[in-house]
Amino acid sequence: MPLWVAGSKSREIFDDEQQHLAPGAQSFALFSQICIDHGEGALLFDVDGNRFIDLMAGIGVASLGYAHPKYVAAMQKQIAKVHVGSFTSENRAVLVRMLAELAPGDINRTQLYSSGAEAVESALRLAKSYTGRNEVIGFWGGFHGKTAGVLPLLGSNFKFDLGPLAPGRYSSPYDPAHRCGFDKSHRECDCDAIGFLKKKIQYETSNDIAAIIVEPIQGTAGNIVPRRGFMKELRQLCDELGALMIADEMITGFGRTGKMWGIEHEDGIVPDIMSCGKGFGGGFPMSGLLIREEVAFAKPWANPSGSSSSYGGNPMAAAAARVTLETILEEGLVENSRRVGEKMLAEVQRWEREIPIIKDARGRGLMIGFDIVEPGTDTLLDKKLTRQIFDACLSRGVLSMIYNPEVRINPPLVIPEELAMEALAITEDVLREAADSLAH
Ligand SMILES: Cc1ncc(COP(=O)(O)O)c(C=O)c1O
């Protein structure tokens, strides 16, 4: 299988940067070693002139893709006027009104930040302010950022060696639709994630639960879709406990899953807080909390300067988010995500039937996942081998998060069907070749 070698210009700049860039940058940037020159729609071009179909969108960030003319025009216009400050701006006023209209139920208030973790931290402060309680529960496989307050809520070994962790944080098994949260085979699984969570609260906590935080689809874990009914049962549990339900819509928000919000895949659920970011600003660092009217006024969070930040919702961020949201609506990108996503998922489901290393095709809209396994088994393929698959895709012009065996596909929402199919055809060839070579 051919291994990817970045072009000479990319490598020169990459090597130069590596002299002083601290370690720990995002894996795909380190693995690919490409220096991007520009993008257009769902395509990226490196400084050597290589063309890549982007199935990552900066991990669900570039919702409008690259160099979208409306986005470019809005940002150019704004930066020539004013770019700093928390004063009221027309863009921000329009934006928060649009969000109140689009958000479910009586979610009516927005506060703005510049990173996802910062927004989640703020959600935890608000939950404390509203309930007066201290404990928070997340889920195995969950991801909410890398700052100290949210670290203990990550359902992965990311927090290893970073303790002591903030007290009063727990996590419980997610309830995936196609696999078992307790690692039993799906066919045997009769596990009751909500029942387990109730027992956990009974035996492990001090019954002081301020909030339960959940991703409507788990992104970092591999675009894992929950069992239908799980969100509704969580909403009911939060009501029984008097705790807030925080839906972390960082990836799932703004059309990524084929609906405006990931939580809308189950009818009638209104979280108390939705944290969002990534695709929100189309790439400009923009995150926020969408909050139920009743909850948003809790102090000290609601005191003047109690929930603010230096950059949150500044004139550039507000312009970016407004034009992104307007473009998503005007160009029917939620529908594009649903329609193209459905076709892409059908392809991946076909792979599952035909290619013995593909399992558990899953997803909603343009948030698709599958597992790469040892042929004919449920055992995830070694990461050294999936890295070769990533390299082979890259060398044929497809950029995707296929370097992990729990593969995530999240292209820009603007991706046209033909381009998505071109990328999948290339990926399929690579996977078939990998399956053949593993069979021998
Ligand atoms: C669901 C979820 N929440 C929060 C975050 C943190 O966002 P950020 O990297 O902007 O801090 C992420 C990032 O991947 C995420 O996927």
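## Around the ligand

In this predicted model, helix 6, which covers residues 116-131, makes the top contribution to the shell around the ligand, with 3 residues; helices are DSSP runs of H or I with at least four residues, strands are runs of E with at least two, and both are numbered from the N terminus. Around the ligand there are 14 residues, of which Ser115, Gly116, Ala117, Gly145 and Met250 come nearest, where a residue is near a molecule if its C-beta atom, placed from the backbone, lies within 6 Å of it. Sorted by class, the shell holds 5 nonpolar, 7 polar and 2 charged residues, with Gly counted as polar.

Four strands form an open sheet in the order 1-2-3-13, with mixed pairing, two strands being paired if DSSP finds at least two bridges between them. Strand 1 (36-40) and strand 13 (398-399) are at the edges with a single partner strand each, so one side of each has no neighbour in the sheet. Strand 3, residues 51-54, pairs with strand 13 in the parallel sense over 2 bridges, and Asp54 has Leu399 in strand 13 as its bridge partner.

## The whole protein

The protein has 12 helices and 14 strands, and its C-alpha atoms fill a box of roughly 60 × 60 × 45 Å along the principal axes. Of the 440 residues, 50% count as buried, that is, with 20 or more other C-beta atoms within 10 Å of their own, these atoms being placed from the backbone.

## Basis of the description

Residue numbers start from 1 along each chain as its sequence is written. Because the model is predicted, local features need pLDDT of at least 70 and side-chain atom pairs count only at pLDDT 80 or more, while totals for chains, interfaces and linings use all residues.

Notes: Buried ≥ 20, exposed ≤ 12 C-beta atoms within 10 Å, placed from the backbone.
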